[in-house]
Amino acid sequence: EEDLSLALSILQEWMSFNIPSSEYKKLKMQTSRAKLTGKDLLEFIFELYRPAEDRVQRKLRIIEKTPAHIEHLLEIHALYPGARFVHIIREPKNTISSWINTPFAQSRWLPWYTERWNRALSAISEFAQSAPDKILTVRYEDLAQYTVDTLRVVCNFLHLRYVPEMLTAFSGQLARSAVIE
């Protein structure tokens with residue numbers, strides 16, 4: 001029941017992704033045949049967006065980066081006990097500045113963002129205490145300044161082979177990031 005509410009909240013956040021109505025019909029048919037769990041719904045959504053070549057090769061590596069899910073790590077871990085989480089933390093004033101300056105900012109009131117920051121840190125701390133081997137915290141500034149070394153640490157944690165091509169996929173994004181002094 002709890003995992004279904006988590007999945008439904010994720011689906012609600014993804015409504016803007018324009019999931020085709022034909023896919024919703026498939027999901028509705030699955031639901032009418034058997035009790036749909038939160039895990040079923042999550043896997044349905046992940047499968048919908050999984051590249052075709054990964055389906056053929058039967059690879060399953062989900063990378064999900066919705067910031068609000070930081071408050072649901074315990075539930076996600078219960079659904080996927082083998083999952084590993086990489087927490088990228090950025091210097092607070094840069095983070096809050098970034099949040100406030102987005103066109104879809106939920107507020108322009110600094111205390112609201114400070115509370116959000118504190119809730120996120122509490123959620124990370126609670127999860128890290130319950131599953132310390134499942135989470136790696138990486139400083140954003142280290143990722144930007146010591147990219148190769150930091151990426152090697154992340155790859156090692158995720159049991160991935162580091163390949164230099166990883167650096168080129170998003171290289172421009174780090175360079176464009178604003179830092180407030």
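Reply: A residue counts as buried under 20% relative accessible area, as exposed over 50%, and as partly exposed in between. The model here is predicted.

Start with Arg139. Its relative accessible area is 43%.

One is Asp142: the two side chains meet in a salt bridge, at 2.9 Å from N to O. The other is Glu141, whose closest N and O atoms with Arg139 are 3.7 Å apart. A salt bridge needs a side-chain nitrogen of Lys or Arg within 4 Å of a carboxyl oxygen of Asp or Glu. The Glu141 pair, at 3.7 Å, therefore passes. Asp142 has a relative accessibility of 24%. That is not under 20%, so Asp142 counts as partly exposed rather than buried. Through shared partners, the salt bridges join Arg139, Glu141 and Asp142 into one network.

Next, a look at Val138. This residue lies in strand 2, which spans residues 135-139. Val138 has 7% relative accessibility. That is under 20%, so Val138 is buried. What does Val138 touch beyond its neighbours within four places in sequence? Its contacts are Val86, His87, Ile88, Ile89, Leu143, Thr150 and Val154. Take Thr150 from that list. Thr150 is 12 residues from Val138 in sequence, and their C-alpha atoms are 7.7 Å apart.

Now the remaining bridge. The total is 3 salt bridges. Glu71 pairs with Arg119, with an N to O distance of 3.2 Å. This pair links distant parts of the chain, 48 residues apart. Glu71 is in the loop between helix 4 (52-56) and helix 5 (73-79). Arg119 is in helix 7, residues 110-130.

Pro67 has a relative accessible area of 56%. That is over 50%, so Pro67 is exposed. The C-alpha atoms of Pro67 and Ala120 are 8.8 Å apart, and the two residues are 53 apart along the chain.

To recap: Arg139 bridges to Asp142 and to Glu141, while Glu71 bridges to Arg119.

Notes:
Residues numbered from 1 in each chain as written. Predicted model: local features only at pLDDT ≥ 70, side-chain atom pairs only at ≥ 80, totals over all residues. Heavy atoms only, no water. Helix = DSSP H or I, 4+ residues; strand = E, 2+ residues; numbered from the N terminus. Buried < 20%, exposed > 50% of the residue type's maximum accessible area, 1.4 Å probe, protein only. Contact = heavy atoms within 4.5 Å.
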